[in-house]
Structure formats: structure tokens, C-alpha cells
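Please read the following briefing alongside the sequence and the coordinates.

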Amino acid sequence: MAILASCVAVDAIPSHPNAIHFNELTYNPPNPEDFRVVLANGTIGYIAEDHTAPVVEISLLIRCGSYLDPAEKAGLAAMTVELMRSGGTTRMTPDRLNERIDYLAASIDTDAGLTSSTATLFVLSKDIDEGFGLCAEILKTPAFNEEEIKLYKERVISAMKERNDRISAIATREFNLQIYGDHPQNRYSTRESINAIVRDDLVSFHKKYIHPKNMIVAVSGDIAREKAIKLLEKSFDGWESPQERVATITAPTNIPAPGLYLIDKSGVAQGSVVIGHTGIDMRHPDVAAVAVMNSILGGGSFTSRITKKIRSDEGLTYSIGSSFSPGEWYPGTFEMRFSSKGKSCLYATSLAVREARIMASDKVSDEEIATAKSAIIESFPRRFTSRYETMKSFAYNEFVGRPMDYYRAYRDRIRNVTKDDILRVAKNLLKPDKFVIVIAGPIDEIRKGDGVHTVALDDFGATKILPIPDPYTMQRPKNQ
Amino acid sequence: MNLARAKPHSAFATTFLCATVLLCSFSDAPSFAIPFQVQEETLPSGLKVLIVERHDSPTVYCGLFFRVGSVNERPGITGLSHLIEHMMFKGTKTLGTSDPFRDAEYNAAIDKLALQIRGFSLKESELQWRGRALSEGDEKKRSSLQGEMAALVAEQKKVIVKDEIWKLYLENGGTGLNASTGNDSTQYFVQLPSNKVELFFWIESDRFQHPVFREFYSEREVVKEERRLRMESAPGGLAEESFDTLFWGAHPYQWPVVGRMGDLDTMTLDDAEHYFRTYYRPSNAVAVFVGDVKSEEIARLARLYLGKLKNDSIEPPPVPAHRTTSPGERRMTSKTDAPNSVEVRFHTVARLHDDCAPLTLISSILNGMSGRLHNRLVKEKKLAVSASAYSWNLPYGGIFSVTVEPADGVDHEKIEDAIDEELEDLKRELVGERELQKAKNRRLADIIDDYRSNGSIGAGIASAELFGSWKDIFARQESIGKVTADDIRRTAAKYLDPSSKYVHYVKRTEKGERR
């Protein structure tokens with residue numbers, strides 16, 4: 001009997017998931033110093049070997065973006081960066097270059113954002129030398145072929161028509177305009193500004209901003225570290241960099257006017273809503289507490305208050321969430337976003353505003369803070385499953401000036417957040433009375449309401465109805 | 001021991017397959033390898049478990065895929081597979097409620113009221129056809145019922161533990177928690193830290209054996225919002241829906257996965273429970289684990305949590321064949337707030353058909369910055385702003401499609417002519433060796449890229465297993481390499497036949513024009 005008992009496996013299903021015994025998992029994030037290299041010419045690189053697949057990926061992060069556009073030539077950065085890829089090189093015509101890249105089954109992409117641009121390479125490891133060479137060539141000696149410039153302009157101008165097709169795009173654009181006002185973030189290319197750009201502008205822009213001293217490189221894949229260093233140094237060798245350091249983006253000076261801003265788009269089934277105000281930047285001492293607070297309010301999917309209330313309970317929306325993104329160089333924004341059928345927009349908005357008020361006045365529960373912190377901490381290893389993504393994160397951290405121990409110290413910063421901290425930051429930083437609320441959609445439907453809940457436009461402050469700008473000029477029509 | 005019982009499925013079958021495919025006969029031909037090993041276990045219930053060990057990172061992709069999707073629906077319950085996917089997050093007898101008994105009472109009472117309200121809505125709909133409305137008395141009755149229902153829903157909240165499944169996964173480090181419904185399958189997946197895999201087994205075995213579809217009516221509203229977001233507010237969404245209906249005709253692929261609004265308005269809890277019992281069977285499912293796991297441990301957990309599921313040997317209803325016979329050319333024009341475009345579509349073949357590979361390569365030949373569509377329509381003839389093609393082979397049918405956005409001032413008819421010309425070219429001239437090799441290289445590199453992360457490997461092998469075998473991935477890779485120029489010409493001629501094409505013109509409504 002005793003022998004039989006000891007042979008019986010203790011394999012029973014626990015009565016509840018909380019009763020499952022999990023083994024300890026000790027996890028330490030990779031160390032950026034283990035991957036960092038200062039190349040011969042001074043450029044910083046982060047290199048990781050990854051031999052699980054016969055591919056190599058490279059990402060070059062460049063301190064250059066649309067914030068550097070002259071006002072009358074808005075769109076210059078995007079055009080330059082795009083044409084580097086599509087306009088051929090001094091050695092290869094666009095057709096020959098495209099043909100060769102496609103034949104290698106590689107891809108080289110360039111993309112310009114507001115404060116940074118990227119050039120990325122995906123290539124099979126057997127072709128790394130050639131792939132690398134082509135990528136360097138595109139960055140170093142682009143030809144800016146006139147035919148391709150013309151095609152690009154036509155495409156970009158034609159696409160302007162689509163700027164007012166999506167209610168979420170209209171709402172986002174208006175929100176940013178109300179928050180940041182006249183600032184590079186809100187500068188849009190126009191038919192006029194695109195047509196004003198000539199080939200010489202691209203050449204100057206490229207010379208000024210696309211050079212090794214202005215880049216940080218991330219490399220990952222089926223390549224030996226030493227070889228990667230060699231290839232990078234070979235590409236940067238002899239590539240002159242202008243002396244002056246590229247300025248970072250200026251901070252906005254606009255003071256937003258709180259209230260409700262409506263943009264009419266009839267015939268659509270929903271209104272797209274953005275609610276928020278100015279937030280914090282990356283250097284703010286309470287970044288961790290803000291992250292936990294946001295997770296509870298609307299950033300933690302179905303563990304969040306607004307998702308539970310407005311989607312799960314009331315069935316008023318499908319996609320909803322909040323963000324409190326610390327800005328890179330100046331304060332970012334706090335935002336709650338969702339879309340809902342026209343007649344329930346106002347009621348849903350009132351629910352979201354109410355949740356923000358509650359967060360700014362009452363302490364969160366023990367359960368909520370535990371769930372939020374646990375979700376962030378337990379999911380930490382997942383950030384580093386891709387070596388490529390990890391190298392890019394390290395490069396990005398250096399780009400924005402985060403300390404080397406950012407990831408090492410991350411979980412502790414989250415662990416140390418208390419309920420008092422959350423209430424303190426909520427009181428200081430979450431200001432429902434300052435909310436800018438933008439709704440793009442069928443105003444008639446929105447105004448009517450759902451016939452059940454009494455919510456008026458006035459409940460959200462001064463109401464303004466804004467006309468949709470002309471997509472080619474981004475000017476609002478004078479008469480309505 | 002019942003000797004008459006049929007031999008059980010093999011307790012633990014281990015199949016190792018490391019694929020190395022060498023392309024030959026062309027210079028510059030790359031050799032590719034998808035370096036992962038799949039271990040299989042089939043449980044007595046018929047549930048297949050696939051395991052891939054990858055120990056780079058202490059995380060695991062866990063998935064449970066079911067062979068059920070919009071193709072299994074019928075008019076009246078379109079969108080039900082997807083609604084059930086939503087309902088699967090509402091909990092079970094254990095999860096999501098603090099009092100399963102009271103909760104069940106509420107659900108029954110709420111459903112009873114909902115059906116009565118539905119009765120009035122159906123009556124109202126009938127009257128509306130005749131330009132009439134519900135009588136005042138009926139309106140009052142309906143309002144009263146709605147009030148009663150709202151009160152019960154509010155009361156029930158006291159015994160509901162909100163979104164407990166989400167909470168359990170997220171606080172244990174779950175990322176990428178989601179589910180997805182397609183034409184043919186419904187997929188549930190999450191990535192967990194490797195020490196938490198047992199949580200997946202606990203939750204999944206519970207929610208597939210004892211789901212409770214609580215909050216059914218509020219979730220139905222969420223799905224309606226999803227349809228509004230994806231389809232009705234999205235530029236060109238409704239036009240696209242109409243074109244799909246035209247293209248598929250009587251075939252069950254004709255309705256969108258999210259379903260028709262009319263059906264979402266009227267489907268019932270009973271519909272959902274019946275559909276769930278019909279299709280959510282272990283023999284109709286594949287479980288998959290890719291990442292930092294030990295296969296013996298996964299096998300043990302599978303046997304513990306899922307071993308006792310019954311194999312009831314009931315086959316789900318067959319999908320009606322509805323093979324489309326060629327009715328001749330069909331076309332439609334949509335005027336809407338969306339960019340101008342021309343789409344030309346053809347019926348092709350289902351997945352695993354021998355002609356899938358050449359059709360895929362035809363799309364590669366047409367696509368890309370050095371592809372024929374971009375070179376000829378965009379750069380050479382300056383007719384288009386963008387142009388692309390795709391080939392999509394589903395379990396019960398296939399599409400080949402070319403979509404082009406005209407440059408300003410170019411007529412749709414001219415675009416269609418240009419598309420026709422490109423397709424004729426493929427039938428007239430044999431594609432050159434180099435061009436064909438380029439297409440193969442790109443397709444094979446895509447496949448390598450597709451199988452690099454735990455998630456993409458897991459989703460790939462589970463999907464393949466649902467409709468055949470995970471080994472089909474390797475066969476597919478091999479078949480790409482074997483395609484000849486003759487195959488390209490032959491399949492272009494057979495399937496891209498202008499006399500049976502479907503054409504969609506989308507025309508943007510200009511300012512001032514009535515929509």
C-alpha cells in the first residue's frame with residue numbers, strides 16, 4: 001500500500017489559476033554595453049549575432065526628420081529620404097538598383113518621421129557583403145533621378161486627397177493642432193510646398209543631415225560581430241561629415257484652449273473621439289508612476305477602467321484605450337481614444353471623462369495596482385525575444401539620451417510605485433478641466449444623442465465646430 | 001479494460017523534420033533551410049498538439065486553433081463565428097463570476113427578455129417594409145422590456161468578475177493576448193513567460209469545456225461597433241463588401257467574417273450555444289506551443305488538462321461545395337468617399353492545389369519595385385499611382401486579384417485595358433529565366449522571414465495542420481522551386497481568363513456630388 005501511494009503522481013488540476021504553482025523565473029535583460037561598439041569614425045553601433053535564420057538586418061537611425069523642413073518646402077525631409085531609395089545612385093540607375101535588390105530578395109527601405117529617420121536593410125546572410133554595399137551606396141551617393149522625383153511628387157500630391165477619408169485621421173490631426181499649435185509637428189506638406197522643392201534642395205538636405213556622425217546603427221543576424229564591424233567601418237571610411245551638430249526639435253509654445261471641437265463628416269457610421277491634454281517628457285521624475293496609472297485608466301487593455309466600462313460593460317465601442325506617452329524632446333500628450341456610433345459618442349465621452357476625474361481624485365485599489373505592476377514586470381522578457389528589436393531599442397535609447405541602465409533598472413522603478421504615488425501624479429498631471437475633446441463624425445447624429453442619456457455638448461466646455469481643411473493646401477475654408 | 005474498444009491514437013508520436021531545400025538548375029540559386037523541429041502528440045479525443053522547442057528567450061507562444069469560421073455559417077447567422085470568439089473571453093463557470101448559480105439565473109432571465117424584445121424588433125422590421133411603425137402600445141411594451149432587461153444587466157454586474165481571463169493572463173506576463181476569426185478558422189493565442197505555461201492549459205481547458213456566454217447582448221453591440229469601424233466607417237469598406245458578394249455568389253465566402261448587420265441585430269444566445277457545440281470539438285482543433293518549453297512537460301500538461309476530453313466522433317456539417325461556374329464577365333461601379341481604383345479578380349484554386357505555386361509566382365512577377373506592374377503602369381505608361389497583385393488560396397476557393405490606383409485624370413477603362421494587357425503578356429510570352437528566378441528568390445525569402453519568430457512559426461504550423469499537415473509548409477516551399485516558365489504560362493491562360501473576370505471600379509464622389 002505504501003509503495004503504491006508513493007507511485008501515485010500528484011497530478012491534480014488546481015481549483016483556480018491562482019492556485020497553480022509556478023516555478024520561479026529569474027530574468028536579466030541583455031546589457032547594452034555587451035553589444036555596443038564605437039566604430040573607427042566615431043559612429044556608435046549595437047551589434048548582436050543571431051544564427052537562428054540565414055538573414056541579417058540593419059537599421060540606421062538618423063537624426064533628421066520633417067522638423068528640419070523649411071516652412072515653404074514642407075515635405076522636403078520625406079522626399080529626400082524616400083528618393084534616396086527610389087532615385088538610384090551615382091553608380092546604378094533606379095531600374096538597375098531595384099532589379100538587383102529584388103533579385104537578391106533583399107529589401108532596403110528608408111523612412112522619415114518627425115524627429116528621426118531610418119534606413120533598414122533585410123538581406124540573406126549569403127549576400128551580406130553586396131547588400132551592405134548597396135545600402136551604404138544609397139545613403140552615401142544617391143542620384144536623385146529627376147524622373148523619380150517627378151513620379152514621387154505626383155504620387156504624394158495625389159494622395160493628399162485621402163487626408164480627409166478617415167475620421168480617426170481627421171480627429172488625430174485636429175487634436176495635435178489644438179495641443180501643439182504652430183509647430184513642426186503640425187506642419188503638413190501642400191501642393192505648393194511639394195512643387196516648390198527642386199533637386200538641389202534634396203542634394204543640400206542630404207549633404208547636411210545624412211552622414212555617419214548623425215547616425216546610430218543597429219545590426220542583428222547571421223553575421224560574425226567582427227565582420228559586421230568591418231563592413232560598417234568600410235562603408236563609413238572616407239565619408240565626410242559636416243562639423244555642425246544637428247539641432248534637436250524646438251519645444252512648442254502653444255497653450256491649448258480646452259473645450260469640445262467638432263468636425264463634421266456626414267455619412268459615416270461612427271464618430272472618432274480623442275480626449276486629452278499636454279503630458280510629460282521622458283525626463284520627468286514620475287515616468288514610472290504615470291505608466292502604472294495609465295495602465296489602470298486605459299492602457300492595460302481589458303484590465304483598464306475605460307475599456308471595461310465603455311466597451312465591455314456598455315458595448316459602446318470596439319477599439320478604446322489611453323496613452324500617457326512621455327515625449328522625446330518636449331512634453332507628449334495624455335489621450336483617451338475610441339470610436340462609437342454617432343448617437344452614443346457623447347455618452348461614451350462623458351463616461352471617459354468621468355473615469356479620468358475619478359482617477360484624479362480617488363486612490364486606486366490594491367488589486368488594480370497589483371495587476372498593473374505585475375503585467376508590466378512579468379511581460380518584461382518578451383521585449384527582448386527578438387535580437388533585432390533589442391538592438392534597435394538600444395540604439396533608440398542612446399538617440400534620446402536614456403541612461404545605459406534604463407532596462408536594468410526598469411522593473412524596480414515600476415515595483416516602487418505606490419498607490420500614493422499614483423494619486424499624486426494623477427492630481428498633478430491629469431486635469432479633466434483642461435481636456436481638449438475632438439470628435440470627427442456625423443455631427444447631426446452626434447448631437448441627437450442616444451435618446452436615453454442626457455448629455456449635451458455644453459457639458460464638455462466651449463464648443464467649436466471646425467471646417468475640414470482643403471487637403472491640398474491644409475487651409476480651412478473661410479466661409480462655412 | 002474493454003477489449004472491444006478501438007485502439008487509441010498513439011500516445012506520443014515524435015516526428016522530427018528539419019527541412020533543407022536545395023534549389024538547382026539556376027545559377028545564383030540560394031539554398032534555404034527552415035531550421036525547426038516539430039513534435040506531435042495526438043490525444044485520445046483527437047486533439048492534436050504541436051510542439052517546437054526554441055530556447056533563445058524564456059517565452060512561449062501558446063495557441064489553440066479551431067476549424068470553424070465564416071465559411072461554416074449561413075444567412076441568418078453570418079458573423080456568429082466571430083461573435084463566439086468574443087464570447088470566449090467572457091468566462092466560464094469558474095472564471096468571470098463570483099456566484100455561478102445566480103449568474104446562470106440572470107443569464108437565463110436576461111435571455112428570455114431579449115427574445116421577447118427581439119420579437120417586437122422583428123415585428124417592427126416587417127412593418128417597416130410596408131412603411132409602417134410599431135403601434136404605441138407595442139412601443140411601450142418594448143420599452144418596458146428593455147428597462148427590465150437593463151435593470152437585470154445592472155444587477156448581474158454584482159456577480160460578475162469583469163474580464164477575469166484577461167486579468168489572469170496579463171498579470172502573469174501574457175503579451176499578444178488575442179483571438180482572431182477568419183473565413184475558415186478561429187485562433188486563440190497568447191505569449192507567456194516560460195514558467196507560466198500551465199496557466200494556458202488551465203484557462204483554455206476550462207473555457208472550452210465550460211464556457212458561459214454571459215454579457216451576450218452587450219458584446220453583440222461591441223461586434224456591431226467593430227463592423228462599423230472596420231467596414232462602415234472605413235473608406236470603401238461597404239463597396240468592398242458588395243464586391244465580395246458579387247465575386248463569391250452563393251458560396252459562403254460571400255459574406256464578411258464580421259457578418260451582416262441585420263444578422264448581428266437578430267442572432268440569439270441559443271444560436272451561439274448551438275454553433276459552439278457543433279464546431280468546438282477537440283477533433284476539430286490544434287494546440288501549438290513554440291518557445292522555451294520541454295516537450296515532455298507540454299505532453300504531461302496536455303494529458304492532464306485535455307486528456308479526458310471526449311472524442312464524440314461527430315463530424316461537423318460539411319461546407320456546401322458551391323463551386324462557381326463561370327457566368328461570364330461581371331462588373332460593378334461604386335461611387336464612394338474612397339480613392340479611385342480598379343480591381344480585377346479571378347477565381348482560382350484552393351490551398352494545396354498543384355497550381356498554387358505558379359499563381360503565387362505570377363503575383364511576385366507583377367509586384368515589387370522592379371515588378372511588371374510598377375515598371376509598366378507607373379513608370380513607363382504613367383497611368384497609375386500604384387499597382388499590385390495578390391494570390392490567395394483558401395481551403396474552399398482561391399482569388400487572383402490585381403488592384404491599381406489610377407493617376408490623376410486617367411480613366412478607369414484605360415486602367416482595365418492596361419491590366420488586361422499585362423495578363424495577356426503572361427500568356428503570350430514565356431517568362432524569362434532570370435525574371436522567374438527573381439520571383440522564386442523573393443517568395444522563398446518571404447517564407448524564411450515568415451518562420452523566424454515563435455508566434456509566426458506557431459501560427460503557421462497550426463494553420464497548416466488544421467487543413468492538412470504542418471509538413472505542407474515544407475512541401476509548399478519545395479513546390480515554389482519546381483515551377484517552370486511553362487507552368488506560369490499555362491496557369492495564366494487557365495485562370496486569368498478575361499471572359500470570366502470580375503471587375504470593380506471605385507470612383508471617388510467629387511465635392512458637391514450626391515452620394
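The notes below take up the conventions, then chain B, then chain A.

This is a predicted model, in which local features need pLDDT of at least 70 and side-chain atom pairs count only at pLDDT 80 or more, while totals for chains, interfaces and linings use all residues. Residues are numbered from 1 along each chain as its sequence is written, chains are lettered from A and ligands numbered from 1 in the order in which they are written, and side-chain values use heavy atoms, with hydrogens and water left out.

**Chain B overall**

- Chain B contains 17 helices and 13 strands, where helices (H or I, at least four residues) and strands (E, at least two) are DSSP runs numbered from the N terminus.
- The radius of gyration of chain B is 26 Å, close to the 24 Å that the globule rule gives for 515 residues, so the chain is as compact as a globular protein of that length; the radius is taken over C-alpha atoms, and the rule is 2.2 Å times the number of residues to the power 0.38.
- The C-alpha trace of chain B spans about 70 × 65 × 45 Å along its principal axes.
- Of the 515 residues in chain B, 58% are buried, a term that means under 20% relative accessible area, with exposed over 50% and partly exposed in between (1.4 Å probe, protein chains only).
- Among contacts in chain B (heavy atoms within 4.5 Å) between residues at least 6 apart in sequence, 81% join residues at least 24 apart.

**Strand β8 of chain B**

- Seven of the seven residues of strand β8(B) (residues 285-291) are buried, so this strand is largely enclosed by the rest of the structure.
- Strand β4(B) (residues 48-53) runs parallel to β8(B) and is joined to it by six bridges, with B:Gly291 as the bridge partner of B:Glu53; two strands pair if DSSP finds at least two bridges between them.
- Strand β5(B) (residues 59-66) runs antiparallel to β8(B) and is joined to it by seven bridges, with B:Phe65 standing opposite B:Val286.

**A helix pair in chain B**

- The axes of helix α11(B) (residues 356-366) and helix α17(B) (residues 485-495) come within 9 Å and cross at roughly 95 degrees, where axes are lines fitted to C-alpha atoms, for helices over the stretch in contact, and angles run from 0 to 180 degrees between N-to-C directions.
- The two helices α11(B) and α17(B) are therefore roughly perpendicular to each other, a label that covers 65 to 115 degrees, whereas angles under 35 count as roughly parallel, over 145 as roughly antiparallel and the rest as oblique.

**Strand β6 of chain A**

- Seven of the seven residues of strand β6(A) (residues 215-221) are buried, so this strand is largely enclosed by the rest of the structure.
- Both faces of β6(A) are covered, with A:Met215, A:Val217, A:Val219 and A:Gly221 buried on one side and A:Ile216, A:Ala218 and A:Ser220 buried on the other.
- Strand β2(A) (residues 44-49) pairs with β6(A) in the parallel sense over six bridges, and A:Tyr46 has A:Ala218 as its bridge partner.
- Strand β3(A) (residues 55-62) pairs with β6(A) in the antiparallel sense over seven bridges, and A:Ser59 has A:Ala218 as its bridge partner.

**The six-stranded sheet of chain A**

- An open sheet of six strands in chain A has the order β9-β10-β8-β11-β7-β12, with mixed pairing.
- Strands β9(A) (320-324) and β12(A) (463-466) stand at the edges, each with a single partner strand, so one side of each is left without a neighbour in the sheet.
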